[in-house]
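Me: I am new to this structure and would like to learn how to read it one feature at a time. Please take me through it.

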Amino acid sequence: MLYFDHCASTPPYEEVVQTMIEVMKSVYANPSSLHRAGIQADQLIERSRSVLAERLQTGSGNWIFTSGGTESNNMAIKGIARQYAGRGKHLITTQIEHASVYEAFKQLEDEGYRVTYLPVGETGHVNVEQLEAALTAETILVSVMHVNNEIGTIQPIERIGRLLKRFPTIMFHVDAVQSMGKQPIKLLESGIDLLTGSAHKLGGPRGVGFLYIREGVTLYPLLNGGTQENGYRAGTQNVPAIVASAKALRMSMERMEQRERRISELKRQLIQHINGMPELKLNGAEPSASHIIHFSYPGMKPEVVIHMLEQHGIMASTKSACSSKDDKPSRVLLALGASREHAAGGIRISLGEEHTVQDINALAAALADIVRQLKPLERRLT
Amino acid sequence: MLYDQIVLRYGDLMVKGRNRNRFEKKMLEQVKQALISYEDITYFKSFGRLFVKLNGHPYEPIADRLKDLFGIVSLSPVISTELDLEKIRLAALTLMQSLPEKPSTFKVSAKRAWKKFPHNSQEMNHLVGSHVLRAMPDLKVNVNKPDVELRVDIQEEATYVFYDVIAGAGGFPFSSNGKAMLLLSGGIDSPVAGWLALRKGLEVEAVHFHSYPFTSEQAKDKVIELAKRLSYFSGEPIKLHLVPFTEIQTTLVQAKSDNLIITLMRRAMLRITEQLAERNKANGIVTGESLGQVASQTLPSMNVIGRAADLPLLKPLIMMDKHEIIRLAERIGTFETSILPYEDCCTLFLPKSPSTNPNLRIVEKIESLIPNYKQLLLDAVEGTEQLLLSPHHQTAVQAAGEDSWF
């Protein structure tokens, strides 16, 4: 099998699996228990937290473990909106956010908040001047993703952060699920108040999300119950998965530069192959993440391409895995100004550090083969 | 790299006349120790000052470390130049042009300490100032309240150009005034008292009383954390004595004099500490008491408690208000640890109405009736565990689990 769906989920590092097994076997006490075994479990969580703080250089801030990126995003956005509603009820985000951000804002709209969804233009990047123009005296939150999960564009979060430093009452949330462990993130310099990450996107286990909360920021909690995770998230923590996640983050960050060199070259080669097939149209523009290549086959249902790739033993995605089961055109591609036909046909290839030039060649050959087979059927299958 | 050196200015230790040499030597050792992880930093001693030659290292983290060392009144990152007017002018202009925030006014304060330099201080103010003004036409001179005071210090070995003066921690270099024991509870006050004691050049050994199972392991971890923080300031490892206090405390509770229990406990603590002081050659006991703060810190209480010890009791916080103590705790970075919610032995068995005016005769009477009182104290001293803590000492969290898991 050739797995090209790292944006959806990554293969875990061998060492991460090993940690998971060992901790699961030996540390089973409830981290909230008062006895020594409980304290040991709790200290493992704290040590995991300190790995995050150290790797992302966030000294005094707070890292919370959640059940995943979706929960972290919901917790940050609704938590800020509800906590600071007294200051104003205007929120800003973009048209190309992940569903867990986008839908959270939709729900807040139902609750009486006013939300500005910034457009991105055909390159797929937010315009900082437009963002500045959208700020009002009522604005309490700006949420912009770092790397788009569908087309891979890198948003100008450093510039947005510098802009927002002038407005200390506006909180800045960044969904970094696709960039953490892959791209450098300057958390402090960028004035980020909240940042979301997810362990299984960086070689860790499923079921662990990260949320950075800057010191001094308060969130209205989503879950009530115990006082775990500094009172932000009630519920017994998943100790083995949390420890394994910290290890995955460390490993993915240590390999970041080397991986970047490698896969940016692979991306360059794959783009060359795709550019050689006039039926396929690349989406998005630079700056974009090296591990994501997104293209459309206008006039062809993307599921057909995905299934035919599968027959070649190749796993890829249509759009975000979280929304891939509905067959509406991609909201992200529509935001880029694509026609409905074009927006329906997106195919995402996402790379990992284990890929080789041979893998890329095999993928390109399979694509060429698929295009040749489908050519006579174009437009009859949409 | 704009700055090539940091100049450190000494304070209190300059008043010490004949002892100056010894203090300066100690200071140099302390600075070297604090910067041990930096390669190829060199030093130059001159009268009342120490120059740290950065040799390419950025000055910020080094200045950040040095400002917390005791014995330094202030420090400045400087550009050193040869004793040549054009070179001095160039350095001054370079510095003015690289300021992070563009000033609108400035003045030059030149000081010609080396009298053989051809231009005197007044002339230098003018010669340097006019050069800067020519190159930066938006800038104006304001001699009374300038945004930036550009200083030009002309010494025999070099001229130093700078503007930033960073306040240091002051005081005396570590261990230049002998050694004392510090009662370290884990609360807000005692680490601040420890810091003030260190600042006066006292070497301290911390003493902590624990009453497991009435207190938790985490209360001990908290004190370890605080002692580590103090050792960052002293620049030397700190010895922490962990005294088992359960036996004594439960015995005292059973003496059936609820309102005197705190008085009795504090006296027992002083007696134990005094024995530890003798064994460790310390000449005083530092406590975090502040007058009137709690029942045991009224003047009558302190009178009765203090009589249990012969050594001088040093109480740096005695006349300070709580908010001043908290501000210091925040400044030295102990506050966050101090407010962690783990109970220490001082708050255990707290009576409803502790005496604020205990009677010495009654207290002594109760103590004389406690069976094996002296032996209990001695057992506590014998059972005391010692830890040597430095800022790099691993915390319980850092040591959690297997390293291979992370």
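Predicted model: local features only at pLDDT ≥ 70, side-chain atom pairs only at ≥ 80, totals over all residues.

Me: How long should helix α2 (residues 36-55) of chain A be, at 1.5 Å a residue?

Reply: The expected span is 1.5 Å times one less than the number of residues. Helix α2 of chain A has 20 residues, so it should span 28 Å. The end C-alpha atoms of α2(A) are 28 Å apart, which agrees.

Me: Which residues of α2(A) are buried?

Reply: An α-helix has 3.6 residues a turn, so residues three or four places apart point the same way. In α2(A) the buried residues are A:Ile39, A:Ala41, A:Asp42, A:Gln43, A:Leu44, A:Ile45, A:Arg47, A:Ser48, A:Arg49 and A:Leu52.

Me: What do the buried residues of α2(A) pack against?

Reply: Within chain A, they pack against α1 (14-26), β2 (62-66), β8 (209-213) and α7 (239-254). From chain B, α6 (217-234) is also a packing partner. After the helix comes A:Gln57, with a positive phi near 50°.

Me: How is chain A divided into domains?

Reply: A domain can be built from separate stretches of sequence, as domain 1 of chain A shows with 2-8 + 255-377. Domain 2 of chain A covers 14-253. Between the C-alpha centres of the two domains there are 27 Å. Their contact involves 23 residues of domain 1 and 25 residues of domain 2. On the domain 1 side, the elements that give two or more residues are β10 (292-296), α10 (331-335) and β12 (346-350) of chain A. That side holds 10 nonpolar, 10 polar and 3 charged residues.

Me: Now a strand. Is β4 (residues 72-81) of chain B largely enclosed or largely open?

Reply: Burial is judged by counting: a residue is buried if 20 or more other C-beta atoms lie within 10 Å of its own. In β4(B), 8 of the 10 residues are buried, so the strand is largely enclosed by the rest of the structure.

Me: Which strands pair with β4(B)?

Reply: Take them one by one. Strand β1 (residues 5-10) of chain B pairs with β4(B) in the antiparallel sense over 6 bridges, and B:Tyr10 stands opposite B:Ile72 there. Strand β9 (residues 166-170) of chain B is antiparallel to β4(B), with 3 bridges; here B:Ser74 faces B:Ala167. Strand β8 (residues 159-162) of chain B is also antiparallel to β4(B) and is joined to it by 3 bridges, with B:Ile79 and B:Val161 as bridge partners.

Me: In what order do the strands of the open sheet of 6 strands in chain B lie?

Reply: The order across a sheet is read from strand to strand. Here it is β14-β13-β10-β11-β12-β15 of chain B, with mixed pairing. At the edges are β14 (313-314) and β15 (385-389), each pairing on one side only. Within the sheet, β10(B) and β11(B) are parallel over 5 bridges, and B:Met181 has B:Glu205 in β11(B) as its bridge partner.

Me: Which residues does the UniProt annotation "binding site" cover?

Reply: That annotation comes from an unreviewed entry and covers B:Leu183, B:Leu184, B:His208, B:Phe209, B:Arg266, B:Gly288 and B:Gln297. B:Leu184 sits in the loop between β10 (179-183) and α5 (189-199) of chain B. B:His208 belongs to strand β11 (residues 203-210) of chain B.

Me: Are B:Leu184 and B:His208 buried or exposed?

Reply: B:Leu184 is buried, with 28 other C-beta atoms within 10 Å. B:His208 has 27 such neighbours and is buried as well. Setting aside residues up to four places away in sequence, B:Leu184 touches B:His208 and others, including B:Ser190, B:Pro191 and B:Ala227.

Conventions. Residues numbered from 1 in each chain as written. Chains lettered and ligands numbered in written order. Domains from an automatic or database assignment. Contact = placed C-beta atoms within 7 Å. Helix = DSSP H or I, 4+ residues; strand = E, 2+ residues; numbered from the N terminus. Nonpolar A, V, L, I, M, F, W, Y, C, P; charged D, E, K, R; others polar. UniProt positions renumbered as here; feature names shortened; annotations may be inferred. Buried ≥ 20, exposed ≤ 12 C-beta atoms within 10 Å, placed from the backbone. Pairing = 2+ DSSP bridges.
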